[in-house]
Amino acid sequence: MPSAPHPDPPQRLARALEGHPEPAVAARWLAELPELRERALAHWGLTAERVVSPGGRGSLVVLVRRADGTPAALKLATPVGGTAREAAAREAAALAHWDGRGAVRLLDARPDDGALLLERLHGEVSLRSLAEAKATLEATSALRRLWVAPPEGHAFETVEKHTAAGAERVRAGADADVRPLVDEALAARAALVADPAEAVLLHGDFRQGAVLASDTGRTPWLAAGPEPLVGERAYDLARLARDRLHDLMASGGAAAIARRRLGKLADALDVDRERLRGWTRYRAVESGVRHLARGRRAEGEALLEFAGWL
């Protein structure tokens, strides 16, 4: 087998690891990474080609060839947002349930090592390469395929439980100058989880950048990198609603455009407008406060400004 590419994580992933609340956990994963990678390559008889860069914030992806020469992707989950084993197990369960419908197909998994073997997509080409209207159309098409009933006896976390921890962090970490906006967002979240609309399998981190070009023959665009949850569709759609935020902020009448976008997305997917508005505001505020806490002031302030428009 040819020598594999050096497994040092791309900068985007390195920055995510630097912000890990338990530095020792991140350091241990980095130290174990060469062994994890080599073990997965050997187990599946893979030949490594190159590390995907810039890649994501929660995994290292290596483009590989299987023993029969077919292309694939080896994904090694990091302990960002939980243990690598938990992240890999959740993603594997969701991908297995979708079985290629709207999402990348799972070929095999070794959750104990945080390793997934996936069919290869064109990771360098996402919906963000398309014009806004076309990207939105393709994104909503992908969501229609992903939103299905979860498997019986599933172990996926609910939106209510997942957002409870985030809500507590926001409540504890918000500065006084953003407290009114934070209080509104937390009140909206409390009302939404108190009266859940439905319980379907969600991608969890759905955005244009998570939908990649595919030549599998099933569809030209497939979702990747799920952080699966079970809950209402409005929660999933809320992340997509703020896509291309910097472009939006640079346009004239940005606040009005943002509100119109929410309405169009809700109508296109038959989602209640007010529930989408509530989840969009909450998710933007939670993300904004988190960015500010990590010293990413520009990103945090942009997200909070967006939330205020709604």
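Which helix gives the largest share of the lining of the second largest pocket? In this predicted model, that helix is α9, with six residues.

**The pocket**

Let's stay with that pocket for a moment. Its volume comes to about 310 Å³, and 14 residues line it. Closest to the centre you'll find Glu132, Thr136, Arg261, Lys264 and Leu265. Two helices, α4 (132-146) and α9 (254-268), each put at least two residues into the lining.

| Class of lining residue | Residues in the second largest pocket |
|---|---|
| Nonpolar | five residues |
| Polar | three residues |

Now for the strands. Three of them make an open sheet in the order β6-β8-β9, and the pairing is antiparallel. Going from one strand to the next, the twist averages 55°.

As a bit of background, strands in a sheet pair through backbone hydrogen bonds, and they can do so in parallel or antiparallel fashion.

Zooming in on one pairing, β6 is joined to β8 (residues 211-213) by two bridges, with the two strands running antiparallel. Which residue of β8 is the bridge partner of histidine 122? Look for alanine 213.

Notes: Residues are numbered from 1 along each chain as its sequence is written. This is a predicted model: local features need pLDDT of at least 70, side-chain atom pairs count only at pLDDT 80 or more; totals for chains, interfaces and linings use all residues. Side-chain values use heavy atoms; hydrogens and water are left out. Two strands pair if DSSP finds at least two bridges between them. Helices (H or I, at least four residues) and strands (E, at least two) are DSSP runs, numbered from the N terminus. Axes are lines fitted to C-alpha atoms, for helices over the stretch in contact, and angles run from 0 to 180 degrees between N-to-C directions. On a 1 Å grid over the protein atoms alone, a cavity is a set of points where a 1.4 Å probe fits but cannot get out, and a pocket is an open set with protein on both sides within 12 Å along at least five of seven lines; lining residues have an atom within 4 Å of a point. Grid points are joined across faces, edges and corners, and a volume is the space filled by probe spheres set on the points. Ala, Val, Leu, Ile, Met, Phe, Trp, Tyr, Cys and Pro count as nonpolar, Asp, Glu, Lys and Arg as charged, and the others, Gly among them, as polar.
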